Structure formats: structure tokens, C-alpha cells
Amino acid sequence: MESGRRKGLSGVLSSLSLLCVILDLQLDGVLGATHVEIEQHLEMGRKLLAAGQLAEALSHYHSAVEGDSKNYLTYYKRAAVFLAMGKSKSALPDLTRAIQLKPDFLAARLQRGNIFLKQGNTQEAREDFEAVVSLDLSPWDPESRELRAECYIRLGDPRKAIQDLTPTTRLRNDNRGAFLKLSTLHYDLGEHQESLGHVRECLKLDQDDKECLSRYKQVKKLSKQLDSAEEHIQEERYQDAIDKYESVMRTEPNVLYYTNKAKERICFCLVKVDICSEAHQRDPRNINILRDRAEAFILNQDYEKAVEDYQEAREFDKENNEIREGLERAQKLLKLSRKRDYYKILGVNRSANKQEIIKAYRKLAQQWHPDNFREESEKKEAEKRFIDIASAKEVLTDPEMRQKFDSGEDPLDPESQQGGGQGGQGWPFHFNPFESGGNYHFKFHH
């Protein structure tokens, strides 16, 4: 019996020994993997990842991580495969472990920050991005600068991103990527000329670079439209300028700066309240839009709103002389409108030309001629209206007098002229025909 038990025990021990040998053989190269073997796993993982064989690459990175749990790069590279597979949640623990092993590992922090941002964890993302931008970098390390620039972009600070990226164009022999990103950043900021300059530098390095060529065509087209529109404005060809700015909005509908710019300049050209109001809603602190809308209100003879817009613009820029002068003029016009508004008397717009003014004058003068009325009270009212109509025509058809009135001064008001008016009680000629009595027979001349 005892002999049998010994043989049984001996058999169990032999089996356990065999099992240990088998397990040892299976784990050899993993738990006991040498540095060379781990590097082989990493290299195979890299090649398979580049070939798009993600599952096979992941298997090798698993082996590399299990073989060396203290190597931050193995965790980072496995996280890269998870990200390539669209498994950001699986990548997150590996990136965190890589950062724990190497807190100043910028690339891992940047990738983790991106994942947090996509998950809506904005506070965690900001902490990672700020950790990257707060690190001191070697001025000669382009990779670190590029990583920090990416963080600045994520943090919404493109200016600092530009500051970091600009030196990298000189630190690398062929840094087309930096030139392209700089071009994009300047473009989004509305600096189309700077954008054009950077993308041209990219094409100097490789004139067939597809991304740079595509960007160049877009920026060149937009720049040409913007420059052409401003030339039309300088030449007072406002309709042509409007057409160009409408083309700008079609060329670049996705960058808010150019839409706002186009709306502002179209507002300037059209001087229409609705266009300016839309532009103002998009950019409420833009004093140019407020100025143009105030001028639109003046053209519409809505002086109170014109004063309000100029006052608002003045709050944003108290040193701007143009705004100050515009406010003073709008206030004068408001005061003047409470007395006599020659445009309203004739029923014409402030932009009416001489022919339109004379046409309106003729129609109203015939309508309000005193000979058309028999009752004494009606005749007196008609006489007053007739004098106002004639005064309005005289002021608005005389360029010098009209300019004075448009600047807020009534050329027929004795108080404004400091020497009395022309003729009797505002009558614009050298006599008042109503003082002589008798019949009223008038001929209307151009």
C-alpha cells in the first residue's frame, strides 16, 4: 500500500514538474522577455500599424507591455493603436499610465487631453493642455514647440500657437506641415495676406504638395476678392464692391471673420439699416458697423436711433474723432428735425438727387398753391405750407446750402445764421410775394 502511495505521489510531482516546464516555455519571452525581444514586438507592432493591420499590431503591443510594465513608450504606442481602431476609452488608461511613468511626456498629455475634450470632460482636457503649455521647452526642439502649439489651438489661443510654430519652420529642413498650419491659423484670424505668404513658402518646398496647393488656391481666390472689393470702394464703385463681398461670403462661408467683414462693408456700401443690424448682431462691439448703421438711420431720417448708435460706438472708443464728430452731427440733426426738416417737407429721402427734389417740389407746390383755397383759414395754412415747400426746394437744390443742412445747420434759420434769415420769415428769395397781397401767379422753373 505504501509503495503504491509513493508511486502515486511520484506521478503527481512529475506531472506538476511537466506543467511548470510547459508554463515556463509559454511565458518565456513575455514575463521573462529580454530587451531585444520587446524591441522586436514594438517593431513588428509599428510595421503592422503602418500596414493597417491593427489587430495584429495590438497583439504585439500587448506582448511588449506585459514584457516591460515600466516602459512608458510601450503604453503610449499601444494607446496609439487603440486610437487608430477608434477605441479612445481603451486608450485612456494606457495614456494615463504613460503619464504616471513620465509626467512630462507631452505627446501623451496632448492625446489624453484630446480624448477628454471629445468626451466632454473640458476641465480634465484643460488641465492636460495647460500642463503642456506650462512646461519649459528647449528653443531648439521643434517637436515640443509643435506639441505646445497644438495645445494652444485646443485652448483657443491661436496667437500663441503661431508664436510656437513660426520658429519650427526654420528648425526643420522641410516643415511644410508647419507652414500649412500657420497659413490656416492666419486665415482663420482674417489675416489673408499672411496666410498667403505662408502657403507660398510651403509650395516653394514642394510645388506639387496637394494640401498646400489646395490651400493656396482658396486663399488666393479670397485675397483677390477682398482686395478688389476695397479697390472698388476707393473708386466709389459701390455696387461692384457689394458684388465682390457677396462673392467673398460664397467663397468662404465657414470662417466667421470673413462673413462679418463682408456684412460690414456691404453695410457701408448700401447704408441700409437691415444689413447693418444683421452685421451688428454678429459683431456688437464693432464701431464701424455702428457708425454705418447710424448713417443709415440718418438717411432714413431716424435721428434718435442715429444718436443712440453713435453714443454706443463712443462708449467702445472714446478717442475716435470720427465717431465724436458723427455723434455731434446726429445730435444737431435731431435738434433740427424738431424744427424744420426740408427732406420731410418735400417727402424725399436724404439721398434724393436734384431731379427728384424738383419733381417733388413741383407736385407739392401745385397742390398747396394758395389760389387753390377759398376759405381764409385754409389760405393761411396753404400759404405757410407753400413757403415751407419753396424753402425746402431752395435749400436742397443749392449744393452749399444742402451741405450745411446735412451737417446739422439750417441755412434759413436766423438763429443758425447769426445775422437773420434770407427774406421775410424764412422765405428763401429776396422778397415775400405774399406781403404785396393780390393774386398768386407763379411759374415753376428748374
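This is a predicted model: local features need pLDDT of at least 70, side-chain atom pairs count only at pLDDT 80 or more; totals for chains, interfaces and linings use all residues.

Reader: Why does Y342 count as buried?
Author: Buried means under 20% relative accessible area, exposed means over 50%, and partly exposed is in between, using a 1.4 Å probe and protein chains only. Y342 has 0% relative accessibility, so Y342 counts as buried. Residues are numbered from 1 along each chain as its sequence is written, and side-chain values use heavy atoms, with hydrogens and water left out.

Reader: What makes Y342 and F405 a tilted pair?
Author: Rings of Phe, Tyr and Trp (its six-membered ring) pair if their centres lie within 6.5 Å; planes under 30 degrees apart count as stacked, over 60 as edge-to-face, and the rest as tilted. The ring centres of Y342 and F405 are 5.0 Å apart with the planes at 50 degrees, so this pair is tilted. Y342 lies in helix 19 (residues 342-346) and F405 in helix 22 (residues 399-406), so the pair ties together parts 63 residues apart in sequence. F405 is buried as well, with a relative accessible area of 2%.

Reader: How many aromatic pairs are there in the whole structure?
Author: The search finds 8. One of them is Y76 with F105: centres 4.9 Å apart and planes at 65 degrees, so that pair is edge-to-face. Y76 belongs to helix 4 (residues 72-84), while F105 sits in the loop between helix 5 (88-101) and helix 6 (106-119), so parts 29 residues apart in sequence are tied together. F105 has 12% relative accessibility and therefore counts as buried. Y72, Y76 and F105 form one aromatic cluster.

Reader: How do you know that C202 and C212 form a disulfide?
Author: A disulfide is a pair of cysteine sulfur atoms within 2.5 Å. The sulfur atoms of C202 and C212 are 1.7 Å apart, which meets that rule. C202 is in helix 11 (residues 192-205) and C212 in helix 12 (residues 210-234), 10 residues apart. C202 is buried at a relative accessible area of 0%, and C212 counts as buried at 1%.

Reader: Why is the disulfide of C267 and C276 called right-handed?
Author: The torsion about its S-S bond is about 75 degrees, so it is right-handed. Here the sulfur atoms are 1.6 Å apart. C267 counts as buried at 0% relative accessibility, and C276 also counts as buried at 0%. C269 is in no disulfide: its nearest cysteine sulfur, that of C267, is 9.1 Å away. The count comes to 2 disulfides, and with the bonded cysteines numbered in sequence order, the pairing is 1-2, 3-4.

Reader: Which helices and strands does the chain have, by count?
Author: Helices (H or I, at least four residues) and strands (E, at least two) are DSSP runs, numbered from the N terminus. By that rule the chain has 23 helices and 0 strands. Buried residues make up 42% of its 446 residues.

Reader: What is the mean pLDDT of the chain, and where does pLDDT stay under 50?
Author: pLDDT is the predictor's confidence in each residue, from 0 to 100. The mean is 81, and 84% of residues reach 70 or more. Values stay under 50 over residues 16-32 and over residues 418-446.

How values were computed
Contact means heavy atoms within 4.5 Å.
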